[in-house]
Amino acid sequence: MVIKVFLASSSGSTAIKKKQQDVVGFLEALKVEYAQLDIACSEENRMWMRQNVPQEKKPSNGIPLPPQIFNEEGYCGDYETFFDAKEDNAVFAFLGLPPPPGSKEADQAGIVQNGTHAEETNAENGNVDDSIEVPVEERNGNSHSDEEKAAGEEELAEEGEAMEEDEDMAEEEEAVEETDEVTEETQAPAEEEEEEEEQEEEEAEVQEEEEAE
């Protein structure tokens, strides 16, 4: 795959020249092979670039300005999208190229020397990252079911204690009711005796008054 960078060697715009230099300089620093296609000296290059930049990526006047970057026939983007990819350490993804092993982009993607993901390689080699949290039930086999069983037993024990407390309270209430009934039964005869005594005293007083008369 060849990266194509469309430039304007004789552009009178300082901003365009600076952007072109930034793109070319960064590609060289990354040791990315690319081809410079000058639109100032070749009408064919100019027309090809304008025709292959997607319509939604063109400015309002419909004429895209250099630099424009392609991977073979596929459009990658302009300077702004290239700059954003550079800031995000994602230039190789922007270019549609695999990042070289050891690069920041490769580290972010989790890719190792053989091109596989680091997690897959560690799993195959039995090297599991200790920093990755593994659920307890996966580490200890049936520990999860044991915990559930213990939790169930605790719940049953709590329910049993609650039932015992309810029974004790019910027994206490029954005992109080029985005590109240006994008290009422004991008090009833005593009250009747007092009433009889009072009645006898009243009758005696009445009789004494009659005799006195």
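**Figure 1. Packing of helix α3.** The buried residues of α3 pack against α1 (14-29), β3, β4 and α4 (91-95). The model is predicted, with local features requiring pLDDT of at least 70 and side-chain atom pairs pLDDT 80 or more, while totals for chains, interfaces and linings use all residues. Residues are numbered from 1 along each chain as its sequence is written, and side-chain values use heavy atoms, leaving out hydrogens and water. Contact denotes heavy atoms within 4.5 Å; helices (H or I, at least four residues) and strands (E, at least two) are DSSP runs numbered from the N terminus.

**Figure 2. The buried face of α3 and its ends.** Tyr79, Phe82 and Ala85 of α3 are buried (under 20% relative accessible area, 1.4 Å probe, protein chains only). Viewed down the axis of α3, its buried residues fall within an arc of 125° and so line one face of the helix; the arc is taken over the directions from the helix axis to the C-beta atoms. Asn89, which follows α3, has a positive phi near 55°.

**Figure 3. The open sheet.** Four strands are arranged in the order β2-β1-β3-β4 with mixed pairing, where a pair requires at least two DSSP bridges. β2 (34-38) and β4 (74-78) are the edge strands, each pairing on one side only. Strand β1 (residues 3-7) pairs with β2 in the parallel sense over five bridges, and Leu7 stands opposite Asp38 in β2.

How values were computed:
Buried means under 20% relative accessible area, exposed over 50%, partly exposed in between (1.4 Å probe, protein chains only).
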